[in-house]
Amino acid sequence: MHLPNKLRFVPSQIVTVTLLLTLLLFIPQILLNWQAYQNFNSIIKNEFKLQMLSDEITYLDEVLTMSARMNAATGKIIWEERYRQFEPKLDLAIKESIKLAPKVYENEDAKKVDAANQRLVAIEYKSFELVKNNQKEIAQLLLFNREYENQKQIYADGVAKRNRNISLQLQQKVDDYYKRIFWGVVVSIISLAMLIPAWLLVLNILQQYLKAKKIAQAALEETNYRLEMQVAERTAKLKHKNNQLQQTLQELQHAQVQLIQTEKMSSLGQLVAGVAHEINNPVNFIYGNLMHVRQYSQDLLSLINLYQQQKFNYNPELNSFIDEIDLEFIIDDLPKILSSMAVGTDRIREIVLTLRNFSRLDEAEMKAVDIHEGIDSTLLILQYRLKGKQKQQEIAIIKDYGDLPLVECYAGGLNQVFMNILSNAIDALYEWEEECLKEEVQKHLSSIIVHTQVKNECVVISIKDNGPGIPEEVKAKLFDPFFTTKPIGKGTGLGLSISYQIIVDKHKGKIECISAPGKGTEFLIEIPIKQMR
């Protein structure tokens, strides 16, 4: 069943227009909702808090007035102490109110209120002094006279007016918020009213399409039935090709996984090499000039010593300056400073060399390398994680290195394996430590032991932690691609799979995991000292 050429593209055009109409109608609604949300946040953050602060200021002012009058009436110092206790809280509340609404406190009414408040505080302070001088009656008269009452009235009226302004401002913003919500609902109703007929039309088109597809499928099944005998002869060939395609697909997936991880390690290596190069240039400049600075300073010190021995043209001002700068201390301390600077630059050069050894960007081919250099470089990269953070304790690294010869290998690949295994060990130790802290269980010191030895023309590297261990059902899937026990976003399940390919496929070696719950985890890596060509 074929549609005429003039009508063939009409359904697709209707669907497209409907989708565009849906997007155009919902964009204003999203904007209205976003503006309403912003207004609501503003009310929550500013106006409500400002109103609460205003109520608190009124309450604290009454507390201060009552404390001053009770002090004058009873003569007990406890009321003055109460006054002193609440006075900073009132000042703090006023400062926060000024910060939230500075314009409210900048008009003429605010200045009158502030002046009245200062006059009230002065009178109350004076009453405290009178009470201390055993003049309670005068203090009472002072706190109940006309001036105090007038200032109190001015202050109370000003605060009340300010509270009314704040309430009106809050009510206005709440009304504005309700208006935006109302218009959002109106726009939603209008959008639905416009979209329902359009989507009903789309649904009708889809039904027609499915009906036509069903008719075509029936015709296709009839044709398939007629051709069944011919298809049967080709089924075996298709299955064989399908198996080949499946195998090729798996190989491509493995290659893709390895390419992703290799790209990550290559990026890390480029970053490390770049940082090492940028550090190395200024350090070499400093290191190369330190020798000349040391020689020049020694020559200058020798010249000063020679002048002192000859005692030419005795000059009191010169001797005074020598005493002022403590020349003897400088002569003694300058060589020490230069020596410490030389030690520091040597240390930086060692760190740079270690970083370059880790990156191995210039060693893509197999060559003889020192395995211990790769392990040390990886541990240096992970040093920031080994130190722990906040309540986490530091992870101890125990190196039990054997006497290893140079090993023919892909240095960058092995560094990638060390990085994956050590990172997993660090994650496991920290996760176990967090569980022990939650359950309030005492945990022993976390540690990772790295052991190397030569065995049967092979090098054996053992990386063992004293963490929680791995269950048997998990251990059986450790080297499967995309298998991970970590939460989503924290693990890809590629690290150990790539490590297996690097050790077994590239180096013709072995990698094994030895673990049990509560007994830690050990990875054994075995690679030949020399690769078979």
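**Figure 1. Arg69 is placed over the face of Phe144.** The distance from Arg69 to the centre of the Phe144 ring is 4.4 Å. A charge is taken to sit over a ring if NZ of Lys or CZ of Arg is within 6 Å of the ring centre and within 35 degrees of the ring normal. Lys506 likewise lies over the face of Tyr410, at 5.5 Å from the ring centre. The model shown in every view is predicted: local features need pLDDT of at least 70, side-chain atom pairs count only at pLDDT 80 or more, and totals for chains, interfaces and linings use all residues. Residues are numbered from 1 along each chain as its sequence is written, and side-chain values use heavy atoms, with hydrogens and water left out.

**Figure 2. Ring pairs join Tyr83, Tyr125 and Phe128 into a cluster.** A pair of aromatic rings is described by the distance of the centres and the angle of the planes. Rings of Phe, Tyr and Trp (its six-membered ring) pair if their centres lie within 6.5 Å; planes under 30 degrees apart count as stacked, over 60 as edge-to-face and the rest as tilted. The structure holds two aromatic pairs. Helices (H or I, at least four residues) and strands (E, at least two) are DSSP runs, numbered from the N terminus. Tyr83 is buried, with a relative accessible area of 0%, whereas Tyr125, at 31% relative accessibility, counts as partly exposed. Here buried means under 20% relative accessible area, exposed over 50%, and partly exposed in between (1.4 Å probe, protein chains only). The ring centres of Tyr83 and Phe128 are 4.9 Å apart and their planes stand at 75°, so this pair is edge-to-face. Because Tyr83 lies in helix α2 and Phe128 in helix α3, the pair ties together parts that are 45 residues apart in sequence. Phe128 is buried, as is Tyr83.

**Figure 3. Strand β4 (residues 447–455) pairs with strand β2 (residues 396–400) and with strand β5 (residues 458–465).** Two strands pair if DSSP finds at least two bridges between them. The pairing of β2 and β4 is parallel and runs over five bridges; Ala396 has Ser447 in β4 as its bridge partner. The pairing of β4 and β5 is antiparallel, over eight bridges, and Lys455 stands opposite Cys458 in β5. β4 and β5 form a hairpin with two residues between them. Asn456, in the loop between β4 and β5, has a positive phi of about 55° although it is not a glycine. Most residues other than glycine have a negative phi. At 65% relative accessibility, Asn456 counts as exposed.

**Figure 4. Strands β6 (residues 510–515) and β7 (residues 521–528) run antiparallel.** Six bridges join β6 to β7, and Ile511 has Ile525 in β7 as its bridge partner. The two strands form a hairpin with five residues between them, and Gly518 in the turn has a positive phi of about 85°. The covered face of β6 carries Ile511, Cys513 and Ser515, while the uncovered face carries Lys510, Glu512 and Ile514.

**Figure 5. One cavity of 30 Å³ or more is found in a search of the whole structure.** On a 1 Å grid over the protein atoms alone, a cavity is a set of points where a 1.4 Å probe fits but cannot get out; lining residues have an atom within 4 Å of a point. Grid points are joined across faces, edges and corners, and a volume is the space filled by probe spheres set on the points. The largest cavity has a volume of about 50 Å³. Ten residues line the largest cavity, and Val369, Gly374, Ala411, Leu414 and Asn415 lie nearest its centre. Helix α11 supplies the largest share of this lining, four residues.

**Figure 6. Asn134 has a positive phi of about 60° although it is not a glycine.** Asn134 is found in the loop between α3 and α4 (136–144). At 70% relative accessibility, Asn134 counts as exposed.

Conventions: 1 Å grid on protein atoms, 1.4 Å probe; cavity = no way out; pocket = protein on both sides within 12 Å on 5 of 7 lines; lining within 4 Å.
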